[in-house]
Amino acid sequence: MTTTSLPRRNALRALAVAVALVGTSTPAFGSAAFAAEPETYTLTIKHLDRAGQPAGKYRTHVSGVFEAGVEEFLEQQDASGVTTVRLPRGRYLLDSTLPDGPGAGGPAWTDWVVQPRLDLDRDTTVTVDARTTAPVDVRPPDGTARFLQSSMFVEVTHEGVTRSANIGNRSTNLRVAHLGPEAEAGTVNQWYDAHWATDTGGYLLGQTFSGTRALTGLARQYAAQELATLNVRGAAGPGSNGTALLSVLPSTGTVAGAPRVMKTPGTATFLVAPERGTWDIGVTVPGADDVTRNYYVADRVAVRAGTTTTHTFDGPVFGPALTERPAVSRDGDRITADVPLLADGDGHASWSPSFDTAYTALYRDGVLVGTASDAPGRGEFTVAPGQGSYRLATTVTRRAAAGATTRVNASWTFASATTAGPTALPVSVVRFCPDLGLTGTATAGSPLRIPVTVQGAAADGRTRSLTVSASTDGGASWTRLPLEAGAVTVQNPPAGSAVSLRAELTDTDGNTLEQTIADAYRTR
């Protein structure tokens with residue numbers, strides 16, 4: 001079987017389901033053996049092709065929509081187009097693929113017939129008739145775009161149990177039909193995704209449906225103004241280049257994605273259907289040594305028709321960032337630190353950032369509790385019960401070949417007592433977000449405005465004091481920078497130099513942060 005693979009986390013979601021491509025078989029998820037049931041019935045399935053004759057080829061999937069429901073995959077048994085199977089009493093989802101049905105003087109079609117509700121309470125005969133199907137015709141506004149693949153999923157829920165069926169297609173010649181009675185309101189969910197390629201990116205078109213029936217045909221010709229634009233930019237340090245792997249998928253529903261490639265530095269532009277919901281972006285970029293690869297994600301990216309959203313990956317300033325999960329937390333008398341120290345300039349945290357050394361230490365009332373050196377910003381420490389004053393210090397270093405940020409130092413102070421369960425501790429970070437372009441460099445000798453934002457406990461007006469300083473001599477001396485309208489301005493040094501940045505912060509509860517980013521960016 002040919003499957004479509006995706007990198008990383010979006011990949012895990014996509015690979016967890018079997019997608020039947022035309023002319024291939026959908027693998028079973030471990031079909032259950034028949035149990036000894038007091039009531040079983042014979043299900044007879046007749047398959048007719050688009051000429052009304054017994055189908056010469058078919059692949060039928062029957063799945064019980066009940067606890068311990070059995071699952072059967074049935075293929076052609078003989079020239080009659082008829083197959084039988086004996087199954088326990090219950091509600092079933094049936095779907096049948098009849099590939100290579102003759103088109104009307106044109107290319108071959110694949111017909112997919114879905115019966116969301118099959119109540120097996122007696123010996124039953126079902127006729128799957130390819131003549132009932134209607135075309136799936138979903139197209140982008142650009143007639144020169146190249147079709148890559150599509151996938152359609154049907155998900156049926158009955159009495160708290162959910163089962164699904166799916167088909168994937170590498171051509172536009174797909175026809176689909178509903179079969180049988182209607183199911184209960186809202187129990188049939190269906191979604192369709194189609195991927196098209198262009199020289200600069202492509203189109204990601206999709207729709208979702210909920211009701212009592214499966215689709216019979218689907219037609220949609222998108223206009224440009226109905227789509228949202230997603231720009232995915234891959235940065236690269238001075239003198240480096242490579243190829244990034246991209247995955248852009250809807251956040252909801254399982255999807256068979258088509259992986260893309262992008263030269264770095266470079267940009268890929270995707271026009272996506274807003275009605276498909278939010279989107280997940282995954283980018284695997286070449287590392288500084290052109291061998292090591294870092295993986296970034298941006299999940300649940302909201303889009304709106306007629307607007308453009310841009311995400312830049314693997315560009316400076318690399319530094320600490322806080323994600324949705326707690327960066328430092330306490331559970332009882334166990335303190336865990338997991339602070340991304342080398343998130344890129346847009347705040348995307350790499351799954352496996354390249355580094356040379358990492359060190360994290362926790363102190364309670366001035367006494368060392370423990371250290372960790374396995375990964376940047378990470379450590380687990382058992383502390384004494386009760387209230388205490390803590391300082392968490394961490395550092396990471398990496399070679400100058402990384403292009404920017406050769407060292408990050410961060411130190412937090414906070415008070416903490418024994419907790420009844422996992423509890424976030426009050427830490428903050430300062431983000432520096434200059435517009436450096438895809439090469440990650442700034443113009444020598446010119447002023448550079450650097451927006452400054454606070455994340456964590458001191459965000460949203462909870463900052464008591466914040467000072468920002470810059471160094472152009474490797475940290476030997478520092479110049480304090482006025483913070484005006486949420487930004488500071490640095491007078492860039494000569495070409496080939498590096499600028500380091502430092503922040504000192506106190507929140508309204510007295511918790512503090514000291515943060516230094518060595519070689520935050522370079523000049524050209």
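This is a predicted model: local features need pLDDT of at least 70, side-chain atom pairs count only at pLDDT 80 or more; totals for chains, interfaces and linings use all residues.
Which residue of β13 stands opposite Q190?

Residues are numbered from 1 along each chain as its sequence is written, and side-chain values use heavy atoms, with hydrogens and water left out.

First, the overall picture. The chain has 1 helix and 37 strands. Those are DSSP runs, numbered from the N terminus: H or I over at least four residues for helices, E over at least two for strands. Of the 524 residues, 53% are buried. Buried means under 20% relative accessible area, exposed means over 50%, and partly exposed is in between, with a 1.4 Å probe and protein chains only. Take the contacts with a separation of 6 or more: 70% of them join residues 24 or more positions apart. Contact here means heavy atoms within 4.5 Å.

Now the inside. The largest nonpolar core has 66 residues. Such a core is a set of buried Ala, Val, Leu, Ile, Met, Phe, Trp, Tyr and Cys residues joined through side-chain atoms within 4.5 Å. L230, F270 and I281 are among the residues with the most contacts inside it. Beyond its neighbours within four places in sequence, L230 touches residues including V248, F270, I281 and V303. A second, separate core of 30 residues includes A145, W196, L205 and L218.

Back to my opening question. The residue opposite Q190 is F209, in β13. Strand β12, residues 188-197, runs antiparallel to β13 and is joined to it by 10 bridges. Two strands pair if DSSP finds at least two bridges between them. The two form a hairpin with 3 residues between them. On β13 there is also a parallel pairing, with 4 bridges to β18, residues 266-272. There, Y203 stands opposite L271.

Next, an open sheet. Four strands, in the order β17-β16-β19-β20, pair in the antiparallel sense. β17 and β20 are the edges, each with a single partner strand, so one side of each has no neighbour in the sheet. Strand β17, residues 260-264, has a covered face of R260, M262 and T264, and an uncovered one of V261 and K263. K263 stands opposite T243.

Last, charges. Side chains of opposite charge can pair when their charged atoms come close. The whole structure has 24 salt bridges. The cut-off is a side-chain nitrogen of Lys or Arg within 4 Å of a carboxyl oxygen of Asp or Glu.

Which parts of the chain do R276 and D193 link? The two side chains meet in a salt bridge at 2.9 Å, N to O. R276 is in the loop between β18 and β19, D193 is in strand β12, and they are 83 residues apart. Both are buried.

Compare R146 and D199, with closest N and O atoms 3.4 Å apart. R146 is in β9 and D199 in the loop between β12 and β13, so this pair ties together parts 53 residues apart in sequence. R146 is partly exposed at 43%, and D199 is exposed at 75%.

One network to finish: salt bridges link R91, R117, D119 and E184.
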